[in-house]
Amino acid sequence: MEKPFRRIFRLVALAAALALGACKPSGFSEEEKRIIGQLRLSELAKLQPDPTNRHADEPLAAAFGATLFFDTRLSSDGVVSCATCHQIDNQFQDGLPLARAIGITDRRTMPLADVAHGPWFFWDGRRDSLWAQALVPLEEAREHGGNRTAYARMMAERYRERYERIFGPLPDFSGLPENASPLGTEAERAVWTAMGEAERDAVDRVFSNIGKAIAAFERTIAHGETRFDRFAEAVVAGREPEGDARFSALEIEGLKLFIGKANCIDCHNGPRFTDDHFHNTGVPPVEGLPDDRGRAQAVAELVGDPFNCLGKYSDAGPEACEELRFMRRDGAELERAFKTPSLRGAAARPPYMHSGQIATLEEVVDHYSRAPEAASGQSEIGGVIFTDRGKAALIAFLKTLDPG
Amino acid sequence: MAGKSRTILIVAAGIAAIVIAGMLAMHFLSAPSDDLDLSRSKASAAGLYRVSVAPEAEPLRQGPLHSWIVTVATPDGAAVEDARITVDGGMPQHSHGLPTEPQSTGHIGDGRYRIEGVRFNMGGWWVLKFAIEAPAGRDEAEFNVVL
């Protein structure tokens with residue numbers, strides 16, 4: 001009597017199991033495998049030459065850049081170096097919501113691993129090369145607080161030999177004012193304006209070379225393989241992951257969410273887990289800080305930057321400046337848009353977002369789940385409903401991207 | 001007995017229906033529809049031109065800045081060599097535009113034009129729209145690209 005029903009029940013159960021098989025934690029669909037493959041560190045292309053910096057891949061320049069990176073004399077108070085915020089034992093960041101050097105800035109320090117692969121620098125992409133980026137904190141009053149004339153003199157006085165071996169003879173800086181810069185204090189700006197054009201150009205040349213040496217060093221900072229990479233290599237090769245490459249059911253669930261329903265992969269894609277673009281994700285402004293419109297307010301500064309790819313201190317011809325020439329210059333999408341950060345190592349470096357607005361990964365997932373409206377412009381995130389287990393899974397997966 | 005079996009059957013069928021509906025929903029929410037027109041050659045909207053497009057280098061990849069070649073001809077196949085082409089586009093499912101401002105950097109012969117500065121920063125369904133202005137008039141052609 002029961003048999004036909006049992007058979008039907010069994011058939012239905014089998015069909016359901018087969019259908020669910022595509023979502024079985026240990027099994028990935030071909031499409032999932034393809035996406036997982038794209039995220040592997042081994043997929044990261046060899047770092048391309050930087051045509052704007054002819055010294056970018058010279059070991060001498062990188063070594064000199066490393067010295068400069070850690071030299072606290074490159075600051076007005078003799079205490080701050082690049083490494084004050086970009087800490088070598090801390091993923092080259094500082095773990096603070098807002099960077100602290102001479103003063104407190106308005107933004108979170110960014111980590112440096114493989115940063116040279118991206119076309120834009122800073123959270124808003126207001127510089128288009130690593131060397132042009134490195135120059136900005138050197139003159140920012142709340143960071144190094146120095147000025148380019150003082151830095152140029154310092155090269156002549158303290159680093160002449162090392163500088164000249166890379167960049168050629170330094171000009172005669174004997175009559176150069178002690179402190180002058182087009183971006184400094186009122187007094188420094190006045191002195192800068194009073195200098196002759198040739199003298200200003202000579203200082204700018206040396207200043208840009210300081211950035212080029214620092215950039216050459218920063219280009220050597222790379223990500224290490226993570227548990228995720230070992231897992232993904234096995235998945236792509238069709239092997240069973242072994243040892244620490246084995247993922248827990250929760251981690252697999254998190255990975256599936258990441259590349260699937262949670263849509264993280266839309267922006268956090270490729271081996272660096274970033275699309276190198278700018279997005280408004282409705283991150284709230286910080287009370288007490290100046291209004292921060294991100295990319296919308298960065299474009300004009302980037303175009304006007306004398307150290308950009310098209311400027312006279314770039315070693316590239318205009319044909320190499322495609323990023324700058326074809327970048328999106330206006331439109332509502334730039335409003336409060338910030339660069340997608342890499343997620344490699346992100347679990348180990350709270351707080352999150354461009355001004356450290358969000359303290360923990362749990363709250364980051366909550367933010368993407370709630371998808372609040374942006375203070376201005378339009379948030380791109382749609383809101384994903386996570387179960388508690390889904391939230392835990394996503395976080396467990398993100399931890400597999402930690403170094404070590 | 002029969003009643004119990006029927007209940008089991010109904011419950012089982014219900015579960016199967018939910019699973020299948022879920023699978024379908026996941027499929028349709030995550031992928032553009034299968035009947036999306038992916039042709040790379042077509043008549044422009046008002047039929048003024050025959051427009052063909054192709055990335056300058058295959059395979060098409062997500063991420064890098066790259067160029068496309070747009071070929072413009074009259075409906076009877078004669079090359080259009082004095083067209084002005086502007087580019088727009090975006091991701092219809094994400095309601096955002098292109099991440100860059102691609103531009104036609106000139107005619108390279110035989111009605112072919114190089115469009116530089118294209119980037120697809122996300123996987124999924126993209127639309128590239130080409131507005132063509134030539135002596136025969138202004139017309140548009142829209143192409144779907146799936147990455």
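Is the crossing of α3(A) and α7(A) left-handed or right-handed?

Guide: The crossing of α3(A) and α7(A) is left-handed (the near helix is turned anticlockwise from the far one by less than a right angle; clockwise would be right-handed). This is a predicted model, in which local features need pLDDT of at least 70 and side-chain atom pairs count only at pLDDT 80 or more, while totals for chains, interfaces and linings use all residues. Residues are numbered from 1 along each chain as its sequence is written, and chains are lettered from A and ligands numbered from 1 in the order in which they are written.

Helix α3 covers residues 59–70 of chain A and helix α7 covers residues 160–167 of chain A; their axes come within 9 Å and cross at roughly 145°. Axes here are lines fitted to C-alpha atoms, for helices over the stretch in contact, with angles from 0 to 180 degrees between N-to-C directions. Helices (H or I, at least four residues) and strands (E, at least two) are DSSP runs, numbered from the N terminus. On the α3(A) side the contact involves A:L60, A:A61 and A:F64, which meet A:R162, A:R165 and A:I166 of α7(A) (contact: C-beta atoms, placed from the backbone, within 7 Å). By class, this contact of α3(A) with α7(A) has 4 nonpolar, no polar and 2 charged residues (nonpolar: Ala, Val, Leu, Ile, Met, Phe, Trp, Tyr, Cys and Pro; charged: Asp, Glu, Lys and Arg; polar: the others, Gly among them).

A second pair in chain A can be set beside it. Helix α2 (residues 30–39) of chain A packs on helix α10 (residues 227–237) of chain A at about 140°, with the axes 9 Å apart. That angle makes α2(A) oblique to α10(A) (under 35 degrees is roughly parallel, over 145 roughly antiparallel, 65 to 115 roughly perpendicular, and the rest oblique). The crossing of α2(A) and α10(A) is left-handed. From α2(A), the residues A:K33, A:I36, A:G37 and A:L39 make the contact, and from α10(A), A:A232, A:V235 and A:V236. The contact of α2(A) with α10(A) comprises 5 nonpolar, 1 polar and 1 charged residues.

The domain assignment, which is automatic or from a database, divides chain A into domain 1 (22–44 + 224–294 + 336–399) and domain 2 (59–218). Taken over C-alpha atoms, the centres of domain 1 and domain 2 of chain A are 33 Å apart. Where they touch, 18 residues of domain 1 of chain A contact 19 residues of domain 2 of chain A. The domain 1 side of that contact in chain A has 7 nonpolar, 5 polar and 6 charged residues.

For chain A overall, the secondary structure comes to 15 helices and 2 strands. The C-alpha trace of chain A spans about 105 × 40 × 40 Å along its principal axes. Of the 404 residues of chain A, 44% count as buried (20 or more other C-beta atoms within 10 Å; exposed is 12 or fewer, partly exposed in between, with C-beta atoms placed from the backbone). Among contacts in chain A between residues at least 6 apart in sequence, 70% join residues at least 24 apart.

One further residue of this chain, A:T193, is in helix α8 (residues 186–194) of chain A. A:T193 counts as exposed because it has 10 C-beta neighbours inside 10 Å. A:T193 and A:S181 are 12 residues apart in sequence, and their C-alpha atoms are 8.4 Å apart.

Note on methods: Two residues are in contact if their C-beta atoms, placed from the backbone, lie within 7 Å.
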